[in-house]
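Hi,

Here is the structure I promised to send over. Have a look at it first, and my notes follow below.

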Amino acid sequence: MVRLVLPNPGLEARTPSLGQLEYIEEEERSSRPKWDNKAQYMLTCVGFCVGLGNVWRFPYLCQSHGGGAFMIPFLILLVLEGIPLLYLEFAIGQRLRKGSVGVWSAIHPALKGVGIASMFVSFMVSLYYNTIIAWVMWYFFNSFQDPLPWSQCPLNANQTGYVEECARSSPVDYFWYRETLNISTSINASGSVQWWILLSLTCAWSVLYVCVIRGIETTGKAVYITSTLPYIVLTIFLIRGLTLKGATSGIVFLFTPNVTELANPVTWLDAGAQVFYSFSLAFGGLISFSSYNSVHNNCEMDSLIVSVINGFTSVYAATVVYSIIGFRATERFDDCFSTNILTLINGFDLPEGNVTQENFAEMQQWCNASDPAAYAELKFHTCDMKSFLSEGVEGTGLAFIVFTEAITKMPLSPLWAVLFFIMLFCLGLSSMFGNMEGVLIPLQDLNVLPRKWPKELLTGLICLGTYLIAFIFTLNSGQYWLSLLDSYAGSIPLLIIAFFEMFSVVYVYGVDRFNRDIEFMIGHKPNLFWQVMWRVVSPLLMLVIFLFFLVIEVNEDLIYSVWDPAYEEFPKSKKVKYPPWVYAVVVLVAGVPCLIIPGFAVYKLIRNRCRRRGDRQGLVSAPSSASVNGDLRS
Amino acid sequence: MLWLLFFLVTAIHAELCQPDGENAFKVRLSIRTALGDKAYAWDTNEEYLFKAMVAFSMRKVPNRETTEISHVLLCNVTQRVSFWFVVTDPSKTHTLPAVEIQSAIRMNRNRINNAFFLNDQTLEFLRIPSTLAPPTDPPVPIWIIIFGVIFCIVIVATMLLILSGIQQHRRKNEGPSEMEDTEDKCENTITVENGIPCDPLDMKGGHINDAFMTEDERLTPL
């Protein structure tokens, strides 16, 4: 067993001792926020973990990495990486009873940078995540009409045909790229603010503000709806989906195992990354939420329950999504085939009904034999079910293009559209609660915002500030900016922060001390499994995933996809290289949080040196409470 | 003689109505696709109705009010159900220009479709584009209405929460100051010192100073 612990003087003074914990909990009862009941806490954590990624990232990964076989790396890494990290964050938050900055600076002042990096990443993610919610709201507003606006192309100026861009691509593509985003052809062409997106953004931020206005006092009530509604809607969609034609082909396609994929390292890498990001670790929000718990709350059970629910939700959502995708693919296949049949019977003036899907091939032969010249002039489309099933099904493409198209083909489309977008809205909003917590509490701990100000004002200022910066995503090039931030702000820095979190708790705080804390809090020491995971396996996994990511990202050219009607292969997206100044943005967004951690440590070191030179020792800070008659202290 | 005339007439007809002929249009019907089980068979009676509809459309054109059903010629009827048609002038020597026929059909497309229970996609006139129905645009886009409703609800909720927060704050601030007021009024108050109530006008004999009493218990044993 590795028993390395770095020297950490003053740790006792910075953290409350075990005996003081219960007393502190009593004292803080009126001043510090706390959960009304256990259900609120669990729903908030589940809501934070379960987000849009469970719906639109996991199904794609599952299908593209060998279907049912992907469950194996996913579950293995869930157990080796996700659950230990989650348990660690819950336990350390509950023990030290502070937000992320407070916890890390209590463990060692030089580690404050870890908390600040968490805050920075939470802020970056809040910026663009709420914009996605704004897009969801825009679609939600537009769902209350029949026919849905993305089911048909608009007419052109002289009403002789459809708008060209729409006719060449599809109504759903046109509605997303033109009528929603009004997208430009490159990230350079910023354009102007799209007022309709701005209105949706305002609405999204106002709803978020109402829910987080008093911290967990209000979010605790909101999560009763935002965390449970997605499951209800998913179940409704499952029932609806299974009754549609072709749903089973989608589910079969999703889960058909391809065991050879397990030999591909990218599969394991993607599984690890998905587990990690899906748990919303290293954002600081989970530590905060856990710190509002009572001291003897069973955080081990909590982490297991949340992990299981998260994994189950991913699989459940994947089933629902692929049943609908199977339906859509079957519809498209049937349409494609009908077009081919029509071409044949129109070309040869055969009676309707003579050519069906079954005898199409032989009829083709017959026609070719009877009149080869005329047959050669006919153009047939290739109808491949597999290609329809694997079309662009992740991220915003899944939600706003593929799924919306599938909805237009269902009877009672507006109802399904409203349900679907309410579900996405709730999923996104409950994740935003955690992000805002991860921004608000560190700012309070750092004393950037005065503590005397009422909470409503603090949350209002933060929401307003982030809202104003998010204007950049309402420009014509907004979607390109969002993809940029999504790829770089929410990926590499989190891996590094998580690695440092584990390292700090195990080696700077001391895993023995941590074990004693947990024994005090929940009644038994964490068993051998946790010890091995925390000390060796999970940090190693983090490091491996990070190195892999770095190698892959550094080797790749920074390219992105643009929507360009002038492209020859339109409606396919054009792959374009980023302009040079984007590299600076990437370095800023991904590099700053990573560098804050060592940077702050160096800064603290220099400050200590300077202080020692001036021969002034900082007073040892210890919690003290005023007492006139000498309260007994245990 | 009569036989000769008959052959002459059919010969002329045959010449006027030809696939890809000048001023000839191809029509294609997809009855089974449109009506499924309720599809009717395409026979000469249906053809008669078709000729009638085309003649009707032509009669609406100025200068062509005298078009008769017999002026409309059909040819090359196939099993697909597709055929070619032309419209001849009263003398039946030449066909009417395609442009006129095109505009006439376009003006009355809806009536023709309805006569056959079909629509623009299932009753196709090749080379005659159909005017697409403009989408119904409500005066105020629906999304703005929904946005307005939700935004107003959110603003009201925000106001309520902020106001109740301010009220709670005021109540907390007024709490201690209220206590000071009542002390001045000398109502049934108990002065509290160090958490121990003491009664300054205690009429009980033998003053017991509570402060000292409890202090004994509080001192740690040696």
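How many salt bridges are there between chain A and chain B? The count between these two chains is one, where a salt bridge is a side-chain nitrogen of Lys or Arg within 4 Å of a carboxyl oxygen of Asp or Glu. The side chains of A:Asp349 and B:Lys26 form it, at 3.6 Å from N to O.

Before the rest, a word on the basis. This is a predicted model, in which local features need pLDDT of at least 70 and side-chain atom pairs count only at pLDDT 80 or more, while totals for chains, interfaces and linings use all residues. Residues are numbered from 1 along each chain as its sequence is written, chains are lettered from A and ligands numbered from 1 in the order in which they are written, and side-chain values use heavy atoms, with hydrogens and water left out.

**The interface**

Chain A brings 35 residues to the contact and chain B brings 33 residues (contact means heavy atoms within 4.5 Å). About 3100 Å² is buried between chain A and chain B, with carbon and sulfur atoms giving 65% of that area; buried area here is the accessible area (1.4 Å probe) that two parts lose on being put together, summed over both.

Across this interface, eight residue pairs are in polar contact, both residues at pLDDT 80 or more. A polar contact is a pair of N or O atoms within 3.5 Å; within protein, one must be able to donate a hydrogen and the other to accept it, and residues adjacent in sequence count only if both atoms are side-chain atoms. On the side of chain A that touches chain B, helices H8 (112–141), H11 (195–212) and H17 (299–348) of chain A each supply at least two residues. Helices (H or I, at least four residues) and strands (E, at least two) are DSSP runs, numbered from the N terminus. H11(A) gives the largest share of that side, nine residues.

**The sheet in chain B**

Four strands of chain B make an open antiparallel sheet in the order S2-S3-S1-S4; two strands pair if DSSP finds at least two bridges between them. Strands S2 (72–75) and S4 (123–125) of chain B are at the edges with a single partner strand each, so one side of each has no neighbour in the sheet. S1 (residues 25–29) of chain B pairs with S4(B) over three bridges, in the antiparallel sense. In S4(B), B:Glu124 is the bridge partner of B:Arg28.

**Within chain A**

A cis peptide bond, with omega about 0°, joins A:Asp146 and A:Pro147. A:Pro147 is in the loop between H8 and helix H9 (164–168) of chain A. A:Ser280 is not a glycine, yet has a positive phi of about 50°.

Happy to talk it through!
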